[in-house]
Amino acid sequence: MQKSRDGRICSFRLNFGSIPLAGAIVLAFLFSAGHAAQDTAVRSPRTIPLPGVEGRIDHFAFDPAGDRLFVCALGNNTVEVIDLRRGERVRSIPQPGSPQGVAFVPELDRLLVANDKKGTCKIYDGKSFAEIAEVNLGDDADNVRYDAVSHRVLVGFGNGGIALVDPVNAKQVGSIALPAHPEAFVAENPGRRIFVNVPRRACVSVIDRDQSKVIATWRTDLALENFPIALDEQNHRLFVGCRAPSKLVVLNTDSGSVVARVELSGDPDDLFYDTKRHRLYAICGAGKIDIIEQSNADTYKSGGKLDTAPGARTGLFVPELDTLFVAVPHRGAQPAEIRVYPAGSLTP
């Protein structure tokens, strides 16, 4: 037994040293008492407590070499650093106001955090967490993605733009104009397009990465409030999560046409495509994980719903670990925590 940094008693500590990253790291944490039955794993997922974290929790990033999660605790004005080997929160990084998006650049070991209030994107050293620079975007810095093709960090901001940030020199090097504030977006790899949800215009803006401009606008079939997004690049399909009404809209990325629609639980805010199992995970604030099965590029059906907790609307699917992480905020007797679901156990 040993004490964590905040004084809690830990019943285990995993030290894999230089063992290569594999799903075994997280699975060892998940099944420390033996490999439980799948239904038990789903009903009682392992948890990572976030003591003292209050308010809404927003988006995540993953550090593959360090086995760390970075979690935007928006309502707490912090970024929570979670060591997955130890299964605990190890640090809180204070933010100027409402951190919404975060990205990690592995080759530089740098962390970038976007804040709603003040519209800043802060850049940190990934080891010491010393602040390297601050990029001022003016207002509502939001979703952040690292584009491994262009080696730029993309930050949605303001009334309609994506900032291009050079993580090496730690400064903004350009921007792409959009018709309104962007929410989630996803980039082709190795393709040249970026697909951006613009809910105030009920559309997806398609950006040409090389030209840094919008080249097409796709509608979401009368489904509004399109926030989360995911991509199946191999099958040329884009997945858009909408809230009004709550549904998944599937678009053909060759034409922009709608090919399928599937009902979702209320308030979807994060959406992930599992290429190994050909299915999607929609994390919904109504307290559900919706599983959508892909039979082929044009055929989708509900694979069931898993109960989480009210307000649990964000998380991260990490293919390297074959694991889905879901953020649960503190509400009443429910403490703030991260719930950990092995993808193989995600069967209702």
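Predicted model: local features only at pLDDT ≥ 70, side-chain atom pairs only at ≥ 80, totals over all residues.
Buried means under 20% relative accessible area, exposed means over 50%, and partly exposed falls in between.

**View 1. Asn-77, a non-glycine residue with a positive phi.** Phi at Asn-77 is about 55°. Asn-77 sits in the loop between E5 and strand E6 (78-83). Its relative accessibility is 30%, so Asn-77 counts as partly exposed. Most residues other than glycine have a negative phi.

**View 2. Asp-67, a buried residue with a positive phi.** Asp-67 is not a glycine, yet its phi is positive, at about 50°. Look for Asp-67 in the loop that runs between strand E4 (60-63) and strand E5 (68-73). The relative accessible area of Asp-67 is 1%. That value is under 20%, so Asp-67 is buried.

**View 3. The cis peptide bond between Asn-189 and Pro-190.** Omega here is about 25°. Pro-190 belongs to the loop between strand E16 (185-187) and strand E17 (193-198). Most peptide bonds are trans.

**View 4. The cis peptide bond from Ala-244 to Pro-245.** Omega for this bond is near -5°. Strand E21 (237-244) lies on one side of the loop and strand E22 (246-252) on the other. Pro-245 is found in that loop.

Definitions and conventions: Residues numbered from 1 in each chain as written. Heavy atoms only, no water. Helix = DSSP H or I, 4+ residues; strand = E, 2+ residues; numbered from the N terminus. Buried < 20%, exposed > 50% of the residue type's maximum accessible area, 1.4 Å probe, protein only.
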